[in-house]
Structures are given as C-alpha cells and as structure tokens.
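I opened my notebook for this one and wrote things down in the order I looked them up.

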Amino acid sequence: MSPEVLDKVCEREESGVPTDTVDTVLDQYEAKVYKNRKKHLVTVDHTLETPQEIAANVRTIPGMLTHRGCCYAGCKGVVLGPVKDALTIVHGPIGCSFYTWGTRRHKAVTEEDGLNLVPYVFSTDMRETDIVFGGEKKLMSAIEEGLELFNPSAVFICSTCPVGLIGDDIHAVAARAEARFGVKCVAFSCEGYKGVSQSAGHHIASNQIIRRVIGETDTPPEGEFSVNILGEYNIGGDSWETERLLHRCGIEVVSVMTGDGSVTDMQRSHMAGLNIVQCHRSINYIAEMMNTQYGIDWIKVNFVGIKATCKSLRAIGQYFADQGLIDRIEAVIADELEELDEDFQYYKSRLEGKTAALYVGGSRSHHYQQLLRDYGMSTVLAGYEFAHRDDYEGHEIRDSIKIDADNKNIENLQVEPVEGKYRVRFSPDKIEELKKDIDGFEYYEGMIKEMDNGTLMVDDLNHFETEEFVKALKPDVFFSGIKDKFVLQKGGIMSRQLHSYDYKGPYAGFKGAINFAHDLVMGLYTPVWSQVVPPWRSTPVLTGTVGGEK
Amino acid sequence: MLDATPRDSVMERHALVANPCKTCQPVGAIYAALGVHGTMPHSHGSQGCVAFHRMFLTRHFKEPAMASTSAFTEGASVFGGGANLKTSVRNIFSIYDPDLIAVHTTCLSETIGDDLHSFISEIEVPEGKRVIYCSTPSYQGSHVTGFSSMAAGFITHLAEKTGQPTGKAMVVPGFVNPGDMRELKKHLDAFDIDYTMVPDTTGVMDAPMTGTFELYPKGGTPLDDIVALGDAKYSFALGPWASDACVNALKRKHDVEYTSLPLPMGIAATDAWIMALSQYSGTPVPYVIEEERGQLVDCMLDAHQYLDKKRVAIAGDPDTVLGLTAFALECGMIPAFIGTGTPGGGFEGKVKELLDAAGIEEGTCWYKSETDYFEMHQRIIQEPVDLLLGPSLWKQIAKAEDTPLVRAGFPIIDRYVHSYLPIVGYKGAMRLLEKMLDALMDRQDAECADEDLEFVM
C-alpha cells in the first residue's frame, strides 16, 4: 500500500453530528445533574480560539449507571494481574478476587522452568470474624501457604474496601513476611473506594512498582537497541504482535509492563534504552518517574492502526538515530504493508464510510480512531471511562488540572535520580531537539486533536447518554465493553468490545489491524441481522374476510 | 495449563483460597432483583462492585444486566453513604424511572455500619414508586446467599395481606437460569396451578432480539403479584440454599405454609416436585409429564453402558451440585469428587445421604463444602476422573487433565445458548444426559484405534 493511499484514507472530514445533540440530551436532566454532566460533554470545535476543556477524573454522580470500576480493579485487575511470576493475594472477601479470575484476557505464556500464576487468583476469603477481629494473621498464613506452594519471585498483596476500613496494616504484614520468608512482599493499598475510578489503582500500582520492583537488578540488555513497552497488557496477544515487529526491526524488548510480564524483567527494566508508552493513562507515572530516576527517555507510541504502527516504529528509529536500524524499520514496514495489502483493500471496501462510536477506558478510544481512519471510517463519538484531562486535551493543560478531595489522597510519589543508576542519554539541547522532531517524545497530545469538528467527546458516559446519543448519531458500530454490548446489540447496533476484543485479537500491529477489520466486517455483515424482523411483521399473513364470510 | 499446581500431593490450606468455587453475595442479589419486573437493582457500595457484577452476569447470560451504584468515595466511606443513597434514588427515579429500586449492601457499606432502614425511611420516594433493601455482606455466605436474601427481601418489604385469598402458590425457583424457570412453569401449567414465581428472570435474562432495547424487558415477576403474596395459599421453595429464606419470610410475615424441596434435577428430585404439585393441586399427574419421565428413563436405559461407573467430579452451588450428584448416581456413575465453595447448610450431610441411598461405599467419594478449584484439582490429579460436571470454572482443569467437561450451573461464561435451556425437570435431565453422553462418546470416538471405531453405538 502506498503512502498516498494511506494519506488519502486519513483525510479529515467534517462529521455530520447535529450541533444541538448535546443540548437535547442534557435538557432531559434535572438542574444539578445538568450542571455536572454539561462539563463532561464536548462538541469538538477546533476553530475556537481557546482550546476546549472537559471535566474528567472527578466523582461520578451516584445512581447514573456509570460504567466505571474501582481502584482495586485498576491496580489488581489491570496493572498487577498480568504479572505472571508474582503471587498476587487479594486480601478481602472472596468476590473481588473471583471477578479478576481469567476475565481480562491478559495472555501469558509459561516459559520453561518459569512460574506462570496468571491462570489463578488468590484470596484470603475474609469472613465476618476477620472483619471483626482483623485479618492480618490470616493474611500472613495465606502468604506462607502461597510461598510453600509456588515459590514465587515476589508476593503482591492487594487490599479491598473492608481492609482499609478495619485498619488491617498490609504494609506491616508485607514487611514482616519479607523478613520472615526472605521473599519480596509488596503491599498495594488499593481499596475500591479510593479515587473516583480504576485510575487511582493504576497510580497506586505504578508507585509501588517504582518503589519496590524497578531498578533492582542490573542485567544489561543484549542488543544495541532496547525498549520497555509500558501500558501494554497483552490483551488478546497485542503485546506479542508488537514485540514480533520490534524484534524484526532488531529492537530488543527488555520488559513489558505488564502484559505477559514478570517481576524479573521489570527489575532490570531501567537498563533499557528507551521506554515506549502504549496506554498513557495507566502507566505514564512509571515512564515519567523512570525518566527522573534513571534518565531513560520515553515516547508515546500507538501500535493500534496501520499508519500509527508505521509512525511508532519510525519514532523509535529516529530516537536511536542509527541508519542501519532506520533502514531495517523501513524494510520491515514495506514488507508488512505489502503482505497485508490485499486484505486491507478488501476490508476497506467493506468498511469505508461507516461511522463509529467509541467508549473505552483511558487510551483505546483514541488509539482505535486511528485504526478506523485507516479503513476510511469516521468517529462520531469518543469517550473515556477513567481518563484525566490530559488524556483528552494533551499534556499542555496539566498545570491547570485542579486537585480535589478525591485525588489528593492518591500519593503523588516524588522521586530523585538514583545514584549510580542514572544515565544521561542526551544533552539538554539534544532533548529539546528530539521533542521537536519526534511526535510524542515525552509528550502526549491527547485525544481531542484526533477528532473532527462537530464530533462528540464524552467523559464517563452513562447508560442514559449512551441510549440517547445512539438514537441521535446512529453509528454503524459502537465499540464499548461487556456491560453495554448487549444493550446496543438489542437495539440493533452492532457492538464490539474493545476491552476484551470479544475474545479474539490481537488487534495491535499490522496483523492486528487485519484481524480487527475481519471481525468488524463479520459483525456488520452477518446474515443474522436480516432475521431480526420476522416476515409476518412486514408481510401480512392473514387474509381479511368480511363478516365471517368464507 | 495450571503448570504451577504441585502435582505430587494435596496441600491442606487454612488461609489461602485459590481459584474460588463461590463469589460474593451482591451478584446473587442483583440476579434476584432483575427477576422482578420494572426493578433497578442498586448496589450500595463503591463503583467497582456493580461493575464486576454486571460484567459477570452479562458474561453468563449474554444479556444486559442493568444495575446502579451509590458510587462510594473515600469520603462516603468515612462519613457514611446516606447522602450517596439519597442522590442515587433521586437520580434513578428521575432518569431511569423504575417502579422499584432494590438496594443491596456490600462489604463496604456493611463494615461501616450504614443503616439502610433509616436511610430509606428518610428518603422521599415518588408517588407509586418503592425502594426496598436487603443486607448482603460479601464476607458471609456466597452469591447464593445474596440471591436468597434479596428474594426474601421482596417478601419482607412488599407482600401484604388483605384477607382476600388469591388461591395462588408462590414458587421460588432457586438460583437457576431462565431456561429452568420456563421448565418449572411448564410443570405448574400442566397441573393448572395458579402461581407467582419469585423471582422470575424469564423474559429478562433471556429476552428476545427485537431491534429495540428495553431497560425493563417484558418479563419478571409483576410487582403487584408480589404485593398480593400475603394472601397466597401456599409456597414452594426449590433448592433450600437459594429459596428457603424467601418462603420462610412469607411464613413469618403472613403465615403461608410451604414445602421446601431440592432443586428438581434428575429423576427422584423431579418426582418429588411433580408429586408435590399433584398433591397440592389435587390433580393426578398429567400424561404429558409421565410420558416425559418415561422417555428420560428409556434414554438412560438405552445408554447406560456408556455412563456406568464413570468417575465424575461435580462442583458449583450447593443446590445444583446436589441435583447433579443425584442424577449422576441415578445414571450409575461414581461422583468421585463433590465440592462447593458456599459455606453452611449441611451440604456434606446431604451429599452423604445421597451416596448412602445409592449404596456407595464410604470412602469412595470425596466431598466438601468450602473447597476451591485448586484443591479439587490437586485431588483429581491423584485420582483422575472421566468427566467434570459444573460451571465453566472447571475449564482450566479440564484442559490440564485432558478430561471432558459438561457445563451446568453458574457461572457458564464461555458458552452460548445454555441459559435458555433447562437442566431441571425430566427434560433438563435428558439434556444433561445427552451432554454427558456426547462428551464421553465423542472422546471414545476421537481416541480409539481406527479398527475400534464403532460405526454404531
């Protein structure tokens, strides 16, 4: 596929979203809700002099049917769940642990002689007596039993709501266990009520990984060019597809945080040449703190989308500035594009002109717009469940983010350069140059710049708004999660899950782009849609008779 | 698969639960609440609880599972969730307009001691609308307990006695799928019994594709019918863990007598249910039902040689596990491992009764309440089985041990259609029979030598 073709599919068009859509929806709310939700709904307009602002990472109003989850889900479910060689014990009643069992599709392969605990979940199954008398003893016993069974690299302890309330000190238990058993034990105070969404949990997990895991061993990378992939959780095998491309280009992957990841790899991740960040929201903390502590630079990449993948690979080449590497990257891109061209043209012919709505977590709603653009599709609505303002508006607005009562309780870890481990990669002047030359060099532009005038950007979309916007915008496909997939499908809108990929994938990289289009075409064109209305609803089967005549 | 599980011995654990065979109360409470028409289930806790529960129910039923949350923050956890509940109720009625909000608690709101009774009595509820609640602390019981508490909550808060007998029977179907509820209704209809099923998720969690999403689908027990249960004639509880609390509540509140039966799974338990209906209605068992029973027995006899003495491991919720165990025994199988994660209720004694009645020698079968899949796996490694029976949570063990799995019960999150079809009644038993035979016979066909492939079986 020629670059011209790609550029053409990426031409921006004005969307056909009626200008009063947001008002029509908001007008149905009572005053208090109206006032709150108004700030979370933006009709994108790049012609305005002042950049548009959106309210994000603030409390959900109770009773709205939000799709948001909790702090624990972000910490244990998202960031820690994929780490395969740690024994992650959930300290709490059984449910919290149960719901993270095998349900997020962060794939992990068992390496020879390696420990893979991803197919398991562990809980202290707190009972009423533990709530009344405290559960620290039980937690200690659980650690002991887990160590005896698995001999893991580390023990992670995640707390749930009641643990924080009854005052069990999981950090003290972790310290005692570490001293007693000689195994690294890290506690994560990720009680579900903390913060306003999963996002708090990402932050708490990141803080502890920085504090207790990264920088522990100094085994250097083998190759000349090496990276860590941050914010890539290997859903449906995405990380493996990304790694396949990097390896083809001759780039070594030191660690992935945290898809198919391990404590062992993370411990030496500071030795890598560069951090590349896929999911900005969940893990930019680590990228920025590693930058301060170890001098390792980071680039915001995106391996979802054909054009985006090319751009991301090229950015890495540009960073290392090695002609051999740059040539290899170009050769790999040319080869991969040639291989997918026939499929790409076919799927594009089936998808071009279709419209989409996206409501996912904190990065994918942006990433997938780029993939949809590759196929000539446009986005009419995009929203995040738990993003912050910078994920929408870009890093430039960071200083204007207000700290509120919910956020200030999430520790903002302050780090310093680590003596003996901080390495200067480039001079300050060179860094400034890289910032100019490489899109996403220590910078995230945010989602809004991707979006066309007149499209909708929504934060913390709720069920009511989903139904209303679908009625108004009539997208051909709505990408979302399991909670509203069947709501949309029942209403006749094709819906695919972008959290779990509906148990398919990978969707990352070049091959992923084809998988994605295949699944989308399958869903849009399945013959089942034509059976929704029974024939007797459109063709009368009863012949009328008058006055009972025969 | 499950490569980390030590294979040389079984480790006794007292603190660590690994790969649980139960989950927490609120998810059951939501499922029960979805079985009452026009109801919005509401979780009084942090957002994550309801996000997980909706996710999980949707994965089992492949249907929307609507529920709202009080969205506790750290502040609410310290100062109490009264204000959050008040705001929730106002917003839910104003935006989503249900007839009833069914609130359940979580470990969070229970631990801080939120008093739902006083909260709700202080909340302004619009004319003609209702808010009820039940207590479902996640650190007690299991999802089955939550179902049972919410079902009882409907009676406690809603059922009224006017003194005008309705002549109706209340039927509590147990923590079963809509497909099972439809089968139970078929039985009731065969005896012309006038009944109210509570809860009734038919038409809600198995709603048809029409091209229009309904926030409150056609199905579910009508609210007025629950109110009228105070004047009911009698009630039936199917599956004591899930259903006894509800019939007890009606007995306590309005003195309605009841019969509690095991879930009608397999022959004997279905016989007991059918005879109870016959006795209650004063109607002889209709031929259509006797015919179904005869067909089931016919099939079991036809195929007995493929199941006889096959070793099966059974797990899941206690009412379902007892039903599956009884049916396995009726088929001549050996239920070598029988486990549930749900505590209490005399599970082990009831298993023993079934085994004794079938003449199984003591020590042949291992059974335990409050076990987990990790323990059962370690035991199965020591003494392999021919078949696994229960939720899809067996899946990894099935792969690790290369053992066929027949899915039955809750949750089944990796297959389609299952929730539309019954495992209760004679028809449900016939479905299970077919599934077990297919699993074992497909395996025989796949594994036998070419010269041993049986063209006719």
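This is a predicted model: local features need pLDDT of at least 70, side-chain atom pairs count only at pLDDT 80 or more; totals for chains, interfaces and linings use all residues.

I started with chain A and found 22 helices and 14 strands in it. Then I checked how compact chain A is: its radius of gyration is 25 Å, close to the 24 Å that the globule rule gives for 550 residues, so chain A is as compact as a globular protein of that length. I also looked up its extent, and the C-alpha trace of chain A spans about 95 × 65 × 50 Å along its principal axes.

**Salt bridges**

How many salt bridges does the rule give over all chains? I got a count of 67. I picked one inside chain A to follow up: A:Arg248 pairs with A:Glu336, and their closest N and O atoms are 2.7 Å apart. The cut-off for a salt bridge is 4 Å, so this pair, at 2.7 Å, falls within it. I then asked where the two partners sit. My reminder from class: side chains of opposite charge can pair when their charged atoms come close.

**Chain B**

Next I turned to chain B, which has 18 helices and 14 strands. Its radius of gyration is 23 Å, and that agrees with the value near 23 Å that a compact globule of 457 residues would have. The C-alpha trace of chain B spans about 75 × 55 × 45 Å along its principal axes.

I wanted to see a sheet, and I found an open one in chain B with four strands in the order 3-2-4-5, paired in parallel. Which strands stand at the edges? They are strand 3 (68-69) and strand 5 (130-134) of chain B; each has a single partner strand, so one side of each is left without a neighbour in the sheet. I zoomed in on one pairing: strand 2 (residues 39-44) of chain B runs parallel to strand 3 of chain B, with two bridges between them. In strand 3 of chain B, the residue opposite B:His42 is B:Ser68.

**Where the chains meet**

Then I looked at the contact between the two chains. Chain A gives 76 residues to it and chain B gives 77 residues. Together they bury about 6600 Å², with 66% of that on carbon and sulfur atoms.

I counted 32 residue pairs in polar contact between chain A and chain B, both residues at pLDDT 80 or more. Which helix of chain A supplies the largest share of the side that touches chain B? I noted helix 7 (residues 136-150) of chain A, with eight residues. By type, the residues on that side of chain A are 39 nonpolar, 22 polar and 15 charged.

The rule finds four salt bridges across this interface. One of them joins A:Arg127 and B:Glu370, whose closest N and O atoms are 2.9 Å apart.

I found strand pairing between the chains too. Strand 3 (residues 122-123) of chain A pairs with strand 1 (residues 17-18) of chain B over two bridges, in the antiparallel sense. A:Ser123 has B:Val17 as its bridge partner there.

A:Gly505 and A:Pro506 are joined by a cis peptide bond, with omega about 0°. A:Pro506 sits in the loop between strand 14 (494-497) and helix 21 (509-525) of chain A.

Chain B has a cis peptide bond as well, between B:Val198 and B:Pro199, with omega about -15°. I placed B:Pro199 in the loop between strand 7 (195-197) and helix 9 (223-227) of chain B.

B:Asp255 lies in the loop between helix 10 (240-254) and strand 9 (258-261) of chain B.

Terms used: Residues are numbered from 1 along each chain as its sequence is written. Chains are lettered from A and ligands numbered from 1 in the order in which they are written. Side-chain values use heavy atoms; hydrogens and water are left out. Contact means heavy atoms within 4.5 Å. Buried area is the accessible area (1.4 Å probe) that two parts lose on being put together, summed over both. A salt bridge is a side-chain nitrogen of Lys or Arg within 4 Å of a carboxyl oxygen of Asp or Glu. A polar contact is a pair of N or O atoms within 3.5 Å; within protein, one must be able to donate a hydrogen and the other to accept it, and residues adjacent in sequence count only if both atoms are side-chain atoms. Ala, Val, Leu, Ile, Met, Phe, Trp, Tyr, Cys and Pro count as nonpolar, Asp, Glu, Lys and Arg as charged, and the others, Gly among them, as polar. Two strands pair if DSSP finds at least two bridges between them. The radius of gyration is taken over C-alpha atoms; the globule rule is 2.2 Å times the number of residues to the power 0.38.
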